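I record here what I looked up in this structure, beginning with a single residue and then turning to its surroundings.

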Amino acid sequence: MTDPTPLDLAYAAADAEPERDGARLSFYARLADGELFVLLAREAVSGGAIEPRIFPIEGGPVVLAFDTEARLAGFSGGVAPYAALPGRVLAAQLQGQGIGLGVNLGVAPSSMLLPPEALDWLERNRVGYIFGLGGNKVLLARAAPLADDAAVSRVAGAARYSTSVAASR
């Protein structure tokens, strides 16, 4: 068993206090801010577009992502193409496409499925962009114009994907 990752710890805190919005939002902020390793359908060409592998499941199609390369390799059983990118960029790319996100499926305590509606909500509410300001109307009003600039800058700046092949460690 490996040590818990920051995502595992945030998930455990949210799971321990499901009625506490702050713990749940902290988990989603961690997911948005963290680097995720997305399983690809094929190796990406340098500088080209990535094609996440889409898994058809009963609740609708999902893309799979993991918070460590080792977890991706554990799931895939060995060598697999992947792209590393921030969670918020992945959520933005999946928004409105009717595709959910499977996080750490079967390989971690933070294993979960996010339906497409959840990804749309995360992006629409910019969870992680202005985390902590939601209850303060004055600060939120002052931060709103900056939040749009930050969202565009972060997505544009994260558009450079690093791809590699995960090998079982």
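Entry 1. I examined leucine 94 in this predicted model and found a relative accessible area of 6%. Leucine 94 is therefore buried, since the cut-off for that term is under 20%. I placed leucine 94 in helix 4, which covers residues 87–94.

Entry 2. I then listed the contacts of leucine 94, leaving aside neighbours within four places in sequence: Val63, Ile99, Gly100, Leu101 and Leu119. For leucine 119, which lies 25 residues from leucine 94 along the chain, I noted a C-alpha separation of 7.3 Å.

Entry 3. I turned to the largest nonpolar core, which has 26 residues. Phe27, Leu31, Leu90, Leu101 and Leu114 have the most contacts inside this core. Among the elements that give two or more residues to the core are helix 1 (6–16), helix 2 (21–33), strand 1 (35–39) and helix 4. I also noted a second, separate core of 10 residues, including Phe55 and Leu72.

Entry 4. I checked leucine 90 separately. Not counting residues up to four places away in sequence, leucine 90 touches Leu36, Val38, Ala65, Leu85 and Leu101.

Entry 5. I asked how many residues of strand 1 are buried. The count is 4 of the 5, so strand 1 is largely enclosed by the rest of the structure. Strand 1 pairs with strand 4 in the antiparallel sense over 5 bridges, and leucine 39 stands opposite tyrosine 82 in strand 4. Strand 1 also pairs with strand 3 in the antiparallel sense, over 2 bridges. There, phenylalanine 37 has phenylalanine 66 of strand 3 as its bridge partner.

Notes. Residues are numbered from 1 along each chain as its sequence is written. This is a predicted model: local features need pLDDT of at least 70, side-chain atom pairs count only at pLDDT 80 or more; totals for chains, interfaces and linings use all residues. Side-chain values use heavy atoms; hydrogens and water are left out. Buried means under 20% relative accessible area, exposed over 50%, partly exposed in between (1.4 Å probe, protein chains only). Contact means heavy atoms within 4.5 Å. A nonpolar core is a set of buried Ala, Val, Leu, Ile, Met, Phe, Trp, Tyr and Cys residues joined through side-chain atoms within 4.5 Å. Two strands pair if DSSP finds at least two bridges between them.
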